[in-house]
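Please look over the chain shown here and work through a few questions about how its parts are arranged.

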Amino acid sequence: MADSLAAATLQLTTALGLEKREARLEARVLAAFAWTVSPAWLIAHDTDPLSDAQTTQFQALLNRRLAGEPVAYLTGTREFYGRPFRVSPDVLIPRPDTELLVERALACIPSDQVVDVLDLGTGSGCIAITLALERPLARITAVDRSAAALAIAQRNADGLNARVEFLTSDWFAAFMPPRVLAGRRFDLIVSNPPYIAAADPHLARGDVRFEPLTALAASHDGLADLRRLTTAASAHLKPGGTLLLEHGYDQADAVVELLRQHGFEQICTLRDLAGLNRVSGGRWAGGVG
Ligand SMILES: C[S@@+](CC[C@H](N)C(=O)[O-])C[C@H]1O[C@@H](n2cnc3c(N)ncnc32)[C@H](O)[C@@H]1O
């Protein structure tokens, strides 16, 4: 077994340009998934010979990874904020970067009060479900335009015992006349919208190639959806409510300007662990929204 894992590590390093440590980890994750065993089992059985069936199962999975498919789509799961989320090619694979948005959102949600929270573009549901589990008193609503994504999000909520109301909606459309929820307002609106420029060469590289383009790319240098959300948000916030948006590392100035133009106050931008500006938000004091 150790020989097969070492050979797979080398192949992953060469074919995908991974660091050796990352390649070794991926090889172990794929092997554990292929053989339905735990990582601890792999260590304990390091010197076992592989059966033909085990070799075939592992090789099939490895070949797909070598062709570029993300590990999370192969295993159907990715951890976010310490919990496992089901994923499929219908949803964006949750990123550690988005935990910054979650941390900031949690700081805005008191644990002893009932507040109304909206997650726009929920995908796998990772943001909405995490907020629901960390703040059980909060009433969490989450929307996505993709019915397939919402099916995954609902499955994640059921599996993790989270109470979230999921709705199909083109951004705020579900809360506009003539829909029955027209007029509903929120204390906090969060979103990790598509924000990569459609012409960005990164969209044609690595794992991203396998993710839904509708979850990643936006027109106008990636700002089209961020613009739509900042323009419309105040009409759906309660006075004193907060809007928090994840964005690209080079989009903070543009997002801050959009927030300012649309009447937000106490605007701030947060940096991730790498020191990059990745989340901006502001408070809407009230008035005509
Ligand atoms: C960057 S992904 C974020 C997914 C998830 N919230 C996360 O952080 O991993 C953006 C999500 O927005 C959804 N989306 C894109 N355009 C939308 C629209 N006009 N209305 C509602 N959702 C939209 C996509 O389907 C996708 O699930």
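Q: What covers the buried residues of α10?
A: In this predicted model, helix α10 spans residues 224–232, and its buried residues are A224, D225, L226, L229 and T230. The elements that cover these buried residues include one helix segment, α11 (252–261), together with the strands β3 (116–120), β6 (186–191), β8 (217–218), β9 (237–246) and β10 (264–271).

Q: Is H220 buried or exposed?
A: H220 lies in the loop between β8 and α10, and its phi is near 50°, a positive value in a residue other than glycine. Because its relative accessible area is 56% and the cut-off for the exposed class is over 50%, H220 counts as exposed.

Q: Which elements give two or more residues to the lining of the second largest pocket?
A: This pocket, with about 170 Å³ of space, is lined by V29, V71, A72, T75, T77, R78, E79 and P84. By class, the lining holds four nonpolar, two polar and two charged residues. The elements that give two or more residues to this lining are α5 (71–75) and β1 (77–80).

Q: Where does Y81 lie?
A: The backbone of Y81 has a positive phi, near 50°, in a residue other than glycine. As for its place in the chain, Y81 lies in the loop between β1 and β2 (83–86).

Q: Which residues does a cis peptide bond join, and what is omega?
A: One of the two residues, P178, lies in the loop between β5 (164–168) and β6. The cis peptide bond joins P177 and P178, and omega is about 5°.

Notes
Residues numbered from 1 in each chain as written. Predicted model: local features only at pLDDT ≥ 70, side-chain atom pairs only at ≥ 80, totals over all residues. Heavy atoms only, no water. Buried < 20%, exposed > 50% of the residue type's maximum accessible area, 1.4 Å probe, protein only. Helix = DSSP H or I, 4+ residues; strand = E, 2+ residues; numbered from the N terminus. Contact = heavy atoms within 4.5 Å. 1 Å grid on protein atoms, 1.4 Å probe; cavity = no way out; pocket = protein on both sides within 12 Å on 5 of 7 lines; lining within 4 Å. Points joined across faces, edges and corners; volume = space filled by probe spheres on them. Nonpolar A, V, L, I, M, F, W, Y, C, P; charged D, E, K, R; others polar.
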